[in-house]
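Subject: Model for your files

Hello,

Here is the model I promised to send over. Please have it open while you read the notes below.

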Amino acid sequence: MSRTRVIHPAWTVAAVAFVALVGAAGFRATPSVLLHPLHAEFGWSLAGISAAVSVNLLLYGLTAPFAAALMDRFGIRRVVAVALLLVAAGSGLTVFMTATWQLVLCWGVLVGLGTGSMALAFVATVTGRWFVRHRGLVTGVLTAGGAAGQMIFLPLLAVVVSQHGWRTAALIVAGAALVVVPLVGWLLREYPADLDLPAYGAARVVPPDRPAGGAAARAAGTLLAAARTGPFWLLAGGFAICGATTNGLVGTHFIPAAHDHGMTETTAAGLLALVGVFDIAGTVASGWLTDRVDGRLLLGGYYALRGASLLVLPSLFAGDTRPSMLVFIVFYGLDWVATVPPTVALCREYFGASAPVVFGWVFAAHQVGAAVAATGAGLVRDRLGTYTLAWYAAGGLAMGAAALSVLLRRRPGGPPFVPVRLGTGPWRLRPADDPAPSVGAGPTVGAGPTAGAAPVGAGPVGA
């Protein structure tokens, strides 16, 4: 019988998702090695090029909650395949561009929409459907796919750009995206119940809940409901600062900042890729810890340590790779995306089966912060001739994120919230086991098979 399989299909799904996430991260990280080549060829300002990166980062985040809702409506396979095709089109068309608006359209809009559909809300969807046991650990491993993508693509593309030009690098990205499409169509599966299996670690098969409503309405309604709660704003505020201090600032501007101090772009790209190496270890370890430690404490510690490291970074830049910079790279790498597993777990604790969509909006805040930081740091560099002020500001913000995290309150033993709409009234959140008859008066968003069951919906932190 299928129930006696040696390897649960959840692991195959997780492996394919990991490959897609590796590609998405690598595709999205590419602009950091294109800043100076585009500036040298076209004479575009760094602020103008950074604006395209900001659009990419913004759409990468804003697409996530809608992509999560689309995955519930049309399936993971279709959404991810279309996303990869968008990345291929956006990257391939850049070889024909002659103006900054075309860079914004191709790399900002098309690649932003494509990679946003394979963002961390995708991770929350896969782990929420396929795993009960080791959910935090698998979340950490899939999140580490982003670091792996950065580690694989950045050094390769930096060498390609230096030897063959940026157009060749753009075509490599387009080709890599196309290669992954058949793998997704062949091996990515939707629900364990489709195979007559329980989720990994679950005791019984749970029929999937496929919402009949529009994906846009579901995503918007979930946001309106979640926005009425304090935990959503604390999580979103902390994650916005997370985005500003990682993707927006370090991910976009570390290479040009190091170049300002005499370091070659290839060496700087290697250091940024090394961040990805240690990010893999840090994120997997964070997932393991999330299954065992209160996520609020983890987030507070992660953000505080990140803030301290950013405050000392300006004094570490030099023309060569010194031991102090390597210490920073190791430390920052371990902390880079370690915030994701506890944030996903806290979303599941508070919002139950709606967690993937809610986390999509929290992740959108992450990318808003990243977009603001990407453009803001470019402006600081253009106006002051140095990034120093940007590093200090980011360090202070990270300390603020630590404070927001420890303000979150536990829901000991309480059921997760689910968003409901009362007729044509506003969307609100109610506990999943609330027997009030008004809950049935309108469509329930995200009240899937785990919404009313506290042991499954509460997640690893809420137990």
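Predicted model: local features only at pLDDT ≥ 70, side-chain atom pairs only at ≥ 80, totals over all residues.

Residues are numbered from 1 along each chain as its sequence is written, and side-chain values use heavy atoms, with hydrogens and water left out.

Overall make-up

The chain has 17 helices and two strands. Helices (H or I, at least four residues) and strands (E, at least two) are DSSP runs, numbered from the N terminus. Of its 463 residues, 57% count as buried. Buried means under 20% relative accessible area, exposed over 50%, and partly exposed in between, with a 1.4 Å probe and protein chains only. Take the contacts between residues at least 6 apart in sequence: 81% of them join residues at least 24 apart. Contact means heavy atoms within 4.5 Å.

Cores

A nonpolar core here is a set of buried Ala, Val, Leu, Ile, Met, Phe, Trp, Tyr and Cys residues joined through side-chain atoms within 4.5 Å. The largest one has 119 residues. V80, M118, F122, M325, F359 and W391 have the most contacts inside it. Helix α10 (residues 230-260) gives the most to this core, twelve residues. A second, separate core has five residues, among them V53, L57, A370 and A374. Back to M325: leaving aside neighbours within four places in sequence, it touches F254, L271, L313, L316 and F317.

Helix pairs

Axes are lines fitted to C-alpha atoms, for helices over the stretch in contact, and angles run from 0 to 180 degrees between N-to-C directions.

α10 packs on helix α11 (residues 265-290) at about 145°, with the axes 8 Å apart. V250, G251, F254, I255, A258 and H259 of α10 meet E265, A268, A269, L271 and L272 of α11. By class, that contact has eight nonpolar, two polar and one charged residues. Ala, Val, Leu, Ile, Met, Phe, Trp, Tyr, Cys and Pro count as nonpolar, Asp, Glu, Lys and Arg as charged, and the others, Gly among them, as polar.

Helix α4 (residues 76-93) and helix α5 (residues 100-116) cross at roughly 160°, and their axes come within 7 Å. That makes α4 roughly antiparallel to α5, since angles over 145 degrees count as such, under 35 as roughly parallel, 65 to 115 as roughly perpendicular and the rest as oblique. This crossing is left-handed. The α4 to α5 contact holds ten nonpolar, four polar and no charged residues.

Helix α3 (residues 46-74) and helix α6 (residues 120-130) pack at about 35°, with axes 9 Å apart. A64, A68, M71 and D72 of α3 meet A121, F122, T125 and R129 of α6. Those residues divide into five nonpolar, one polar and two charged.

Two residues

G112 is found in helix α5. At 0% relative accessibility, G112 is buried. Its C-alpha lies 8.2 Å from that of T63, 49 residues away along the chain. Beyond neighbours within four places in sequence, G112 contacts N56, L59, Y60, T63 and W107.

D335 is found in helix α13 (residues 323-335). At 6% relative accessibility, D335 is also buried. With neighbours within four places in sequence left aside, D335 contacts Y302 and R306.

Best wishes

How values were computed. Left-handed = near helix turned anticlockwise from the far one by under 90°.
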